[in-house]
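Thanks for coming. I will go through one structure and keep to a few places in it.

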Amino acid sequence: MMSLIDQVVVSGTRFATTVMVGRFGSESELGYYSLAFSVFVLLVSFQESLVSVPYTVFVKRLSADDQRKYAASSLGQSIGLNGLAMLVLAATCVIVQVTRPATGLLGLLWLLVLLLPFLMLREFARRFAFAHLRVATAMALDVAVSVLQLGGLAMLALQDQMDATGAYLVSGGAAGIAGLAWLFFVRSDFQWDRTRLRTDWIKNSSFGKWVVGAHLTSVLHMYFAHWLLAAIISERATGIYAACMTVVMLANPFILGMSNVLSPKAAHAFAAGGAAAANRLVWRFTAVMVTVLLVFAVLVGVFGNALIVWIFDEQYGGHGVAVAVLGFGTVASGVSYAISSGLRAINRPAANFWAATWGLVATVAISSALVHSMTILGMTIGLVSGFYVTAIYRVLAFRAAINEYAASSE
């Protein structure tokens, strides 16, 4: 319950930020905000995959002293990856500046280069807390960010200065203040040992190479439609699509909150009781997620268009069918999140990668075929089709892996 409440805070803050940019800014500003956010999610996925996820899986297999050393080397790896991400993003900005200097997205990407260390530190802090099942610590961090961020955004809205750039400045500042404060209070959890940095990186990257592949394809899957709409139609169309997605993402606090707990618990269950224990836990979580998300999908199907008009404004309306399709996509998304946690826990991260890859292929093919004739609805059909391909692949892979473990133990 605490994890769910924490995720309500996180997703609620992002939801409110998106709504404020779209309502007090414009459709184009919301489009720019969403495109820049997709870049951030893409970059942070490397940290998640190569540092945070392996840390979650391996940390409880170590002694208390080794846990502190592993924590320090993981933080060092995070800092190194962050520096590399800044260089890559800066190089991308230079290329964009040479090829498309007139785009309104360029200034936002340069700003993201400067804010990336603060945003990444906040993400590392959250995952570190959940890896140790310190949900109260994660909640304190996220509440602090929420208060600072929403307070700053409210000031921008009252002064009629709301745009994507201001929203990112406020978000980065809030993440930096909360992240540095967290680092100060938990500094005793880190014990630096430079001799471990290389060996821990080899261990993390060996496990995380499949996770990073799965995360990258998942991010591309989720945000492919944003970039395709911006390239073929307009940033305004991207903004309207982002508004539809925002309504459906009301389910995210539940999906991500359950996943935040399931990932470490599944890893702990596998370490303590083997594949059978992890299997039972994963399917219990999956059953709960499917039940709740089916109810959510029906409600979104009935009230989706009214919600999008009420939350944003009249100019975002007229896309109720698209919102309904996205609503039923949350069921597949919930199954994917649950089963992917199980696959990582039982040391089968490669299956997550291949599942995400086939889901991305399905989305690219269907969305590209439908974008000209059905625009936003075509994008949603392509996205949700990919969600179901990914979910089905992961379920089959997880069942096969569990059966293999069972056969080997006989």
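Is F270 buried or exposed? F270 is buried, because its relative accessible area is 15%; buried means under 20%, exposed over 50%, and partly exposed in between, with a 1.4 Å probe and protein chains only.

A note on the source: this is a predicted model, where local features need pLDDT of at least 70, side-chain atom pairs count only at pLDDT 80 or more, and totals for chains, interfaces and linings use all residues. Residues are numbered from 1 along each chain as its sequence is written, and side-chain values use heavy atoms, with hydrogens and water left out.

Now the aromatic rings. The whole structure has 15 aromatic pairs; rings of Phe, Tyr and Trp (its six-membered ring) pair if their centres lie within 6.5 Å, and planes under 30 degrees apart count as stacked, over 60 as edge-to-face and the rest as tilted. For F128 and W182, the centres are 5.7 Å apart and the planes at 70 degrees, so this pair is edge-to-face. F128 and W182 are both buried. F270 and Y405 also form an edge-to-face pair, with 5.7 Å centre to centre and 70 degrees between the planes. Y405 is partly exposed, with a relative accessible area of 24%.

One aromatic cluster is formed by Y55, Y70, F124, F128, W182 and F190. Over the ring of Y70 sits the charged end of K203, 4.3 Å from the ring centre; the cut-offs are NZ of Lys or CZ of Arg within 6 Å of the ring centre and within 35 degrees of the ring normal. Likewise, R187 lies over the face of F184, 4.2 Å from the ring centre.
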